[in-house]
Amino acid sequence: MNLAIALTAARYGAATANYMEVVSLLKKTDPQTGKVHVSGARCKDVLTGQEFDVRAKCVINATGPFTDSVRKMDDKDAAAICQPSAGVHIVMPGYYSPESMGLLDPATSDGRVIFFLPWQKMTIAGTTDTPTDVTHHPIPSEEDINFILNEVRNYLSCDVEVRRGDVLAAWSGIRPLVTDPKSADTQSISRNHVVDISESGLITIAGGKWTTYRSMAEDTINAAVKTHNLKAGPSRTVGLFLQGGKDWSPTLYIRLVQDYGLESEVAQHLAATYGDKAFEVAKMASVTGKRWPIVGVRLVSEFPYIEAEVKYGIKEYACTAVDMISRRTRLAFLNVQAAEEALPRIVELMGRELNWDDYKKQEQLETARKFLYYEMGYKSRSEQLTDRSEISLLPSDIDRYKKRFHKFDADQKGFITIVDVQRVLESINVQMDENTLHEILNEVDLNKNGQVELNEFLQLMSAIQKGRVSGSRLAILMKTAEENLDRRVPIPVDRSCGGL
C-alpha cells in the first residue's frame, strides 16, 4: 500500500526518494517581518552517506513514530505529542482459521483487542498494545507472542492444539498514537490524526491509521495551502485509483494464465498484488522448461512469489534483499524459514541487476538474515530448542524414542551422523542429497559438533510434545523410516509349516 501510494504520487509529478533520512531542517528569516520559518531539509542518503539540501515553500512532517524527533529539529523545546505503542503480530498455518471468516474481540483477559484473521492463505493473529521506545528495528518479545497464543486458545475447539512451534513469523510494529497539543486534556491518547502547525510553519500530520490515510492527506494539504498561501485546485483524492487499480478486475488473473502460461495461484497473486501492472511482471517471467506452467519460476515452492518479481521490484525502488523479502513480497511475514531459503536466489538476482560484487552480495545476505533473526521472530522460534532445553517425557516415551534412535545408531555410539541416516534411508530405498541431510541434522545438533546425540534427540522430542517445536524434518524422517523398517520385518512362517 505504501509503495502504491508513492508510485501513484510519482506518476502525478511527485519527486520521490528511497532510503532518505532528514538530518536537520533548513530555516530562513523573512526580511520584512523578521519571522523565521522552515524552508527545507538537509537530507542524507543512508545507502551512500551523501547529503544534500531540499528547498521548499512548505515542509510537511509525516514521519509516524518519528514525529517528535522532527518536531524537535524545528523547536528543541516542543512538547512531545506522540506516544509510540508496540503491536506484535504472529502468523500461523492457514488451518487455524476458516478461509473467509475473521474474529475480533475487545474483551480479552487484560482488555487488549485480539483479532484472528485469514491472510495470504495463512492465519494472522494479534495484537499487543504496549508503550515502547522508538526504534528502527522493533523486536517481538516472547512474552507478547505467548500472550497472543494464550488468547487464541480461548476461541478454538479443544481438539485443536495451539502450538508455539506453529508460529511461522512474528513481528512488532510501532503505532504513532498522539495527543493533540492544543487539547485541554493532554493525557488523552488517540488513534485519530492531528494536524499541528508550528510557529515556524512546519506542518505535522501525526497519528491516524491506514484506513483513513486519504482523509489525513486532504486535511494536511488543506492546512499547508492555507498556512503558506499555496496555489492549489480542489482535492482529487476521492475516487482516485492507486497504481494498478484502473484496469483491474476480479477475472484479470485468467488473462495472465491464458496469455502467459502462469499457474493459476501465481496469476491470482500477481493480479491481487500488482493490479493491471501484473502483465509487466508476467513479461519478465522466466520460462520453466516444463509442460506447465510455461513461465513463472517460484522463489520457494510453497508460495506464489516468482523470480520475475525480484526484477520488477528493482524497477519499483527496491534497493536491498530485505526490501524484497518484506516490502515487495510478504515472505518474511509469512514464513521466516521460507524467506531464508529464498534469500540466496534473491541476492543472486538482485546482484545481477544492480551489479553487486561478491562482498556486497554477502553483506546483503548477512543483513537480511539478521533482519529475519531479530525482527521477524526467527530468534524466538529457534530458542524453543536449545542445548539447555529440559527433557520432560514419560518413561514409556523415553524408551520408545531411544529404540527409534538406536535403529539409526546401529553401532551404539550414542550419536548419529549423516552416514547413519544415509544407511537407514538406503535400506528403505529413499534417496536424499548430502547437503539436505546436513541441514536436517544441523537443526537438531544443538552443540554444533557435527552429530546428534541421544540427549539432543530426546530434547527435540520433548519440545515437539510440548508444542514448542513443530515440523522437525529429522523427527518426521526418523519416524517414517522406523515405520518402513518395521513393515519390512519378515513374517514368521513356522506355524504354517514353512510356507503357504
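Trainee: Is glutamate 383 buried, partly exposed or exposed?
Mentor: The relative accessible area of glutamate 383 is 41%. Buried means under 20%, exposed over 50% and partly exposed in between, with a 1.4 Å probe and protein chains only, so glutamate 383 counts as partly exposed.

Trainee: With which residue does glutamate 383 form a salt bridge?
Mentor: This is a predicted model, in which local features need pLDDT of at least 70 and side-chain atom pairs count only at pLDDT 80 or more, while totals for chains, interfaces and linings use all residues. Residues are numbered from 1 along each chain as its sequence is written, and side-chain values use heavy atoms, leaving out hydrogens and water. A salt bridge requires a side-chain nitrogen of Lys or Arg within 4 Å of a carboxyl oxygen of Asp or Glu. With closest N and O atoms 2.6 Å apart, and with the partner partly exposed at 30% relative accessible area, the residue paired with glutamate 383 is lysine 379.

Trainee: How far apart in sequence are the parts tied together by glutamate 443 and arginine 473?
Mentor: The side chains of glutamate 443 and arginine 473 meet in a salt bridge of 2.7 Å, N to O. Glutamate 443 is partly exposed, with a relative accessible area of 37%, and arginine 473 is likewise partly exposed, at 35%. Because glutamate 443 lies in the loop between α16 and β14 (452–453) and arginine 473 in helix α18, the pair ties together parts whose separation in sequence is 30 residues.

Trainee: Glutamate 142 forms a salt bridge with arginine 164; what is the relative accessible area of arginine 164?
Mentor: The closest N and O atoms of glutamate 142 and arginine 164 are 2.9 Å apart. This pair links distant parts of the chain, with glutamate 142 in helix α3 (residues 142–152) and arginine 164, 22 residues away, in the loop between α3 and β10 (169–178). Glutamate 142 is partly exposed at 26%, whereas arginine 164 is buried, with a relative accessible area of 6%.

Methods: Helix = DSSP H or I, 4+ residues; strand = E, 2+ residues; numbered from the N terminus.
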